[in-house]
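Here are my notes for anyone opening this one for the first time. Have the view up while you read, and take the points in order.

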Amino acid sequence: MEDLKPAYLIIGTDKLKRKKVLDRLNTRLSEHGDMSMNTSIFDGDDTDAIISACNTIPFVTDIRYVQVNNAEKLKSDQIISYLENPTKTTILTLICDKLNKNSKLYKSIDKSCIINCEAPKKYMIADQLCQLHNIEKAAAERLVELLGEDTLLLDSQIKKILIATENKKITINDVNTHVSKSVASKPWDFTNAFAARDLKTALNTFHSMDNGSEYILLPMTCTRIKELIGTKTVGEQNLGLQNWQVKNHYRWANNYTMDELKNILNLALDCEVKMKSTSDSAGAFELFIIEAIK
């Protein structure tokens with residue numbers, strides 16, 4: 001037990017980092033014997049059961065392991081009280097995506113036992129994949145485009161491709177051959193491309209989305225256009241939105257004249273009528289995109 005601490009906090013959304021941390025911890029725990037009878041895994045909303053498990057004497061082995069997922073849900077006062085005098089035979093691991101560094105729970109954990117698993121920025125993921133695996137930068141970027149930002153999924157897919165290519169350096173052709181697209185574009189990916197007046201990206205994003213998405217995208221697009229009109233009129237800081245929500249609005253607003261923005265709203269009204277009166281609502285919306293951005 002001298003090499004293990006009574007409590008750890010694993011914080012961040014990077015699933016691959018988190019898995020590696022837990023794998024290392026499980027390896028250390030296995031040195032104390034078969035932990036199957038002395039491992040308990042809980043969700044953070046079950047604080048009473050967690051405290052009870054922590055205070056339970058281990059059976060057969062000399063330690064008990066208690067893992068808490070979604071630890072941000074915990075009744076922190078109870079856990080903090082436990083951590084002030086933890087059971088010497090228990091290893092408690094708290095896992096969460098986010099936790100305020102000023103919170104009592106965060107401060108109650110020894111800093112040396114707080115493990116950062118913060119996810120990398122999207123633009124950094126491809127570089128990290130290249131550092132970890134034998135893969136070309138363009139191939140890594142394509143993989144992120146196809147599968148999204150789940151680092152655990154990306155790592156797993158790369159390992160599968162390496163087996164298929166007999167451990168040769170992965171190229172973009174290898175990715176296109178062995179990986180199918182499994183991440184759907186988000187509605188805001190479309191509205192961002194529309195605001196940027198990027199016709200190709202807007203169309204590609206729309207085509208990658210589920211059938212019927214035009215009924216969600218049309219009102220969202222109108223909202224974005226109204227925001228750009230407001231940006232031109234009163235400034236993005238006066239729209240009643242958070243700073244991060246309007247960080248690109250000034251640049252986007254400059255892509256259109258005021259008359260063009262007002263005309264897009266008129267085109268949107270026409271599009272709504274056509275979508276309701278035709279069996280090809282997707283085609284009507286696609287025509288709206290082209291007419292609005294061209």
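**Notes on the model**

1. Start with Cys-54, which is buried, with a relative accessible area of 0% (buried means under 20% relative accessible area, exposed over 50%, partly exposed in between, with a 1.4 Å probe and protein chains only). Its sulfur is 14 Å from the closest cysteine sulfur, the one in Cys-113, and that is too far for a bond. Cys-130, at 25% relative accessibility, counts as partly exposed.

2. A word on what you are looking at: this is a predicted model, where local features need pLDDT of at least 70 and side-chain atom pairs count only at pLDDT 80 or more, while totals for chains, interfaces and linings use all residues. Residues are numbered from 1 along each chain as its sequence is written, and side-chain values use heavy atoms, with hydrogens and water left out.

3. How many disulfides does a search of the whole structure find? The count is zero, taking a disulfide as a pair of cysteine sulfur atoms within 2.5 Å. As a reminder, a disulfide is a covalent bond between the sulfur atoms of two cysteines.

4. Now the helices (DSSP runs of H or I, at least four residues; strands are runs of E, at least two; both are numbered from the N terminus). Helix α1, residues 15-30, packs against helix α7, residues 151-164, at an angle of about 80 degrees, and their axes are 6 Å apart. That makes α1 roughly perpendicular to α7. For the terms, axes are lines fitted to C-alpha atoms, for helices over the stretch in contact, and angles run from 0 to 180 degrees between N-to-C directions; under 35 degrees counts as roughly parallel, over 145 as roughly antiparallel, 65 to 115 as roughly perpendicular and the rest as oblique.

5. Which residues do the meeting here? From α1 come Lys-15, Leu-16 and Lys-19, and from α7 come Thr-151, Leu-152 and Asp-155, with contact meaning heavy atoms within 4.5 Å. By type, the residues of this α1 and α7 contact are two nonpolar, one polar and three charged (nonpolar: Ala, Val, Leu, Ile, Met, Phe, Trp, Tyr, Cys and Pro; charged: Asp, Glu, Lys and Arg; polar: the others, Gly among them).

6. Stay in α1 for Arg-18. This residue is buried, with a relative accessible area of 19%. Leaving aside neighbours within four places in sequence, Arg-18 has contacts that include Ile-10, Thr-13, Ile-95 and Cys-117. Another partner is Asp-97: the two side chains form a salt bridge, 3.0 Å from N to O (a side-chain nitrogen of Lys or Arg within 4 Å of a carboxyl oxygen of Asp or Glu). Asp-97 sits in the loop between β4 (90-96) and α4 (104-108), 79 residues apart from Arg-18. At 42% relative accessibility, Asp-97 counts as partly exposed.

7. The whole structure has eleven salt bridges. Lys-73 and Asp-43 make one of them, at 3.2 Å from N to O. Lys-73 is in the loop between β3 (64-69) and α3 (76-84) and Asp-43 is in strand β2 (residues 39-43), so this pair ties together parts 30 residues apart in sequence. Both ends are partly exposed, Lys-73 at 43% and Asp-43 at 25%.
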